[in-house]
Amino acid sequence: QVQLVESGGGLVQPGGSLKLSCVASGMIFRLYNMGWYRQAPGKQRELVASITNALYTNYAESVQGRFTITRDNAKNTVYLQMNNLKADDTAVYYCHRSASSIWGQGTQVTVSS
């Protein structure tokens, strides 16, 4: 059974940083493209960043230059480093495997002073 488990969310002040982690199990992690999505209250879920199995990355325009997606295949983990956080980044962040559309349970990120 494929599972994606996120961690690392929390409350941070504007301008601060957080690093999210997503540990995958039940799959050969290195074969799959992975991504981070987010959903703010009253808004649709949106793609934040993605990374292919060949390490190509893609970012939403709103986070370009502030967020970095990486992966460690030895640890079956994909990361999202978030810097210079803004109030608009407040959302539940979800890890996603594109093949068969597998989702994690989400982790809350709140940016507030």
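A salt bridge is a side-chain nitrogen of Lys or Arg within 4 Å of a carboxyl oxygen of Asp or Glu. With that in mind, welcome to this predicted model, where a search of the whole structure finds three salt bridges. This briefing looks at those pairs, and also at E6, a buried residue that has no salt bridge.

**E6, a charged residue without a partner**

- You will find E6 in strand β1, which covers residues 3-7.
- E6 is buried, and the nearest side chain of opposite charge belongs to R45, 7.6 Å away.
- The side chain of E6 does reach backbone atoms: the nitrogen of C95 is at 2.7 Å, and the nitrogen of G106 is at 3.0 Å.
- Setting aside neighbours within four places in sequence, E6 is in contact with a group of residues that includes S21, C22, W36, Y93 and Y94.
- C95 and G106 are also among the contacts of E6, as are G104, Q105 and T107.

**The salt-bridge network**

- Side chains of opposite charge can pair when their charged atoms come close.
- Four residues, R38, E46, R66 and D89, are linked in a network of salt bridges.
- R38 meets E46 through their side chains, with 2.7 Å from N to O.
- R38 also meets D89, here with 2.9 Å from N to O.
- D89 lies in the loop between β8 (77-82) and β9 (91-97), while R38 is in strand β4 (residues 34-39), so this pair ties together parts that are 51 residues apart in sequence.
- R66 and D89 form a salt bridge as well, at 2.8 Å from N to O.
- R66 sits in the loop between β6 (57-59) and β7 (67-72), and D89 in the loop between β8 and β9, so their pairing joins parts that are 23 residues apart in sequence.

**Buried or exposed?**

- R38 is buried, with a relative accessible area of 6%.
- D89 is buried too, with a relative accessible area of 1%.
- R66 counts as buried at 9% relative accessibility.
- E46, by contrast, is partly exposed, with a relative accessible area of 35%.

Conventions. Residues numbered from 1 in each chain as written. Predicted model: local features only at pLDDT ≥ 70, side-chain atom pairs only at ≥ 80, totals over all residues. Heavy atoms only, no water. Helix = DSSP H or I, 4+ residues; strand = E, 2+ residues; numbered from the N terminus. Buried < 20%, exposed > 50% of the residue type's maximum accessible area, 1.4 Å probe, protein only. Lys, Arg positive; Asp, Glu negative; His and termini not counted. Polar contact = N/O pair within 3.5 Å; in protein donor to acceptor, adjacent residues only side chain to side chain. Contact = heavy atoms within 4.5 Å.
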